[in-house]
Amino acid sequence: MHADLLLCNPYFIKDDPVTRRTMDIYPLIGHGYLASYLGAQGYAVDIFDGTFTNGIGDFIDKLSASQPAVVGVYGHVLSRHNAFAFAHAARERGMRVIAGGPDATAYCDEYLGNGFEVVVCGEGEETAHAVMEWIGRGGTVSELHDVQGIAFRTAAGDTVNTDRRPYKKDIDALPFPRRDREIYKPYMEAWRRTHGYTSMPVFASRGCPFDCHFCFRPVFGRHYRVREPEDVLAEIETCAGEFGTTHFRFVDDIFVVRKKWVKQFSRLIRERDLRFEFDILSRADLIDENVAVDLKAMGVRRVYLGMESGSDDVLNIMNKRMKAERSIEAAEIIHRNGMEFLAWILLGYPGEGKKDIYLTRDMVVKIKPDVLSISVAFPIKGTPFYDMVKDTLQKKRPIWRRTAENRLVFRGRYSNLFYFFVRLWLHQEVDLAKGTMPVWRRPLHVTLKWALRTGMELLALRSPKNTDNGVGGRGTKTIAVMSGE
Ligand code: B12
Ligand code: SF4
């Protein structure tokens, strides 16, 4: 096959031990959207997904087999360096190379300096089409000034960011994402092996109207758009028919924004007597009794909740616009309605001290999350959080390369070892509070808990550093740098 465009995911699970263990991984639905959209415009689009391959050698084999005119690479913080290697390999073979995705959007200059000719910034379908047309007609570099939503370099080497393309309003008009059987197969097998069932990603909305200062939304921004419930359900039924999957994960930035929409979707499922299971993502303050009833009725099994911290001061600094109390209420409501929840906690945010960490401990012990996921705050370029800490970023390796790398990459109040202890300690606290371990192992866990807590306290003594990072003192509401969105 001679493809017009080969879309590539330069991520290799073999290099990512955390994801190999959790196997919480999906094919890129963004590539599915691009493939179906560009396919409808007459382009032959092929896909290379590196996830379950042996590495770059397989990508080079794919280049020979597919002979694409253009290679399009997904930019994600974890696989940035692989993306650069892909670009160089394709360039050496005389192919045109473009990039897109969240990391490429935020770090377009780095991508342009590492083999990429054009970066598609933000929502990809229409912009990628415009770039493919430009390549197809042999356009000149100066013509790129007229293409919205891209970054490129002039002959003089200056990076140009053209005007942002307006967000696509009618997302129902997009064709369903292409789901190639050969791409999905290894994921389905891995899911079945690890979890005993298969799961597929599905998207109901784009954008999130909130403005948490650590959160990076350069692709779909704050402009929230949602599909018609019937359209979403039709896609789910098609997937279930073709792949036999009954579990779906909504990969929306945030699922519960319009409660009326959730009610409608839930009613549709009940009226048709469908039996699917869903995982969704929400803010805790959007969960109330009514919405929980609708979620349960539509088949929600797990709610992912970005709780971040048990300290209102820290939530304030993050611009989360929510009190920790709401997380506790949401947790109770979700459990009362027979669903599980995963709590995401973010440690090490500027302004967070030991007192706040103890408040987080109190919160997680109280809510007993079914799954506790703790990350060390990672600043992504384009967020107000990044702007707060950018002057103290590590010179060596200021990015992550592995899932849950959990390494502080800016000058924080405490050391990395301190946060390592905190994470283990919080997990022990929650496990003990849940009491799920056999009774004979309890003393061991209690001892471990105290050892970890003591270790953390000792490391805290060693650490206090100046970490103002733009936060106007503990407990204040001042954020030095506001959102650039
Ligand atoms: C679902 C999701 C997950 C899921 C599944 C991801 C997967 N593939 O397995 C899970 C929970 C597993 C996950 C994990 C992680 N994720 Co995640 N995830 C998302 C989320 C919410 C949706 C991704 C998605 O499907 N988007 C929908 C599609 C349609 O959008 P898209 O992929 O961006 O594609 C569009 C454009 O970008 C563009 N495009 C994309 N590729 C290309 C290529 C070319 C050539 C072109 C021209 C255009 C183009 O066109 C597409 C259509 O418009 C995003 C946030 C978001 N809203 O995007 C975060 C996000 C992608 N994740 C992120 C992160 C950091 C992670 C983790 C590292 C978190 C962690 N601490 O461990 C892990 C890494 C896991 C891994 N091994 O890959 C960051 C990435 C930041 C960055 N700069 O790269 C994001 C942006 C979240 C955030 N706000 O910080 N994630
Ligand atoms: S963290 Fe969640 S609620 Fe906050 S801006 Fe990001 S997606 Fe929206």
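Which residues surround ligand 2? The shell consists of Cys208, Phe210, Asp211, Cys212, Cys215, Asp253, Ile254, Arg283 and Gly306. A residue is taken as near a molecule if its C-beta atom, placed from the backbone, lies within 6 Å of it. By class, the shell around ligand 2 holds five nonpolar, one polar and three charged residues. Ala, Val, Leu, Ile, Met, Phe, Trp, Tyr, Cys and Pro count as nonpolar, Asp, Glu, Lys and Arg as charged, and the others, Gly among them, as polar.

This is a predicted model, in which local features need pLDDT of at least 70 and side-chain atom pairs count only at pLDDT 80 or more, while totals for chains, interfaces and linings use all residues. Residues are numbered from 1 along each chain as its sequence is written, and chains are lettered from A and ligands numbered from 1 in the order in which they are written.

**Ligand 1**

Ligand 1 is surrounded by 43 residues, of which Gly30, Gly72, Gly100, Gly124 and Val251 are the closest. This shell comprises 27 nonpolar, nine polar and seven charged residues. Domain 1 (5-161) and domain 2 (199-460) both contribute residues, so ligand 1 lies between them; the domain bounds come from an automatic or database domain assignment. At least two residues of the shell come from each of helix H2 (29-40), strand S3 (70-74), strand S4 (96-100), helix H5 (102-106) and helix H7 (125-136). H2 gives the most, with four residues. Helices (H or I, at least four residues) and strands (E, at least two) are DSSP runs, numbered from the N terminus.

**Helix packing**

Two packed helices are described by the angle between their axes and the distance between the axes. Axes are lines fitted to C-alpha atoms, for helices over the stretch in contact, and angles run from 0 to 180 degrees between N-to-C directions.

| Helix pair | Angle | Axis distance |
|---|---|---|
| H2 and H7 | about 55° | 10 Å |
| H9 (229-243) and H10 (259-271) | about 45° | 9 Å |

H2 is therefore oblique to H7, and H9 is likewise oblique to H10. Angles under 35 degrees count as roughly parallel, over 145 as roughly antiparallel, 65 to 115 as roughly perpendicular and the rest as oblique. H2 passes H7 in a right-handed crossing, and the crossing of H9 and H10 is right-handed. A crossing is right-handed if the near helix is turned clockwise from the far one by less than a right angle, and left-handed if anticlockwise.

**Sheets**

Seven strands form an open sheet of mixed pairing in the order S2-S1-S3-S4-S5-S6-S7. Two strands pair if DSSP finds at least two bridges between them. Strand S2 (45-49) and strand S7 (159-161) are at the edges, each with a single partner strand, so one side of each has no neighbour in the sheet. From one strand to the next, the twist averages 20°. Within this sheet, S4 and strand S5 (residues 118-120) run parallel and are joined by two bridges. Isoleucine 98 stands opposite valine 118 in S5.

A further open sheet has six strands, ordered S8-S11-S12-S13-S14-S15, with parallel pairing. Its edge strands are S8 (199-202) and S15 (371-376), each of which pairs on one side only. Strand S12 (residues 277-282) pairs with strand S13 (residues 300-308) in the parallel sense over five bridges, and phenylalanine 278 stands opposite valine 300 in S13.
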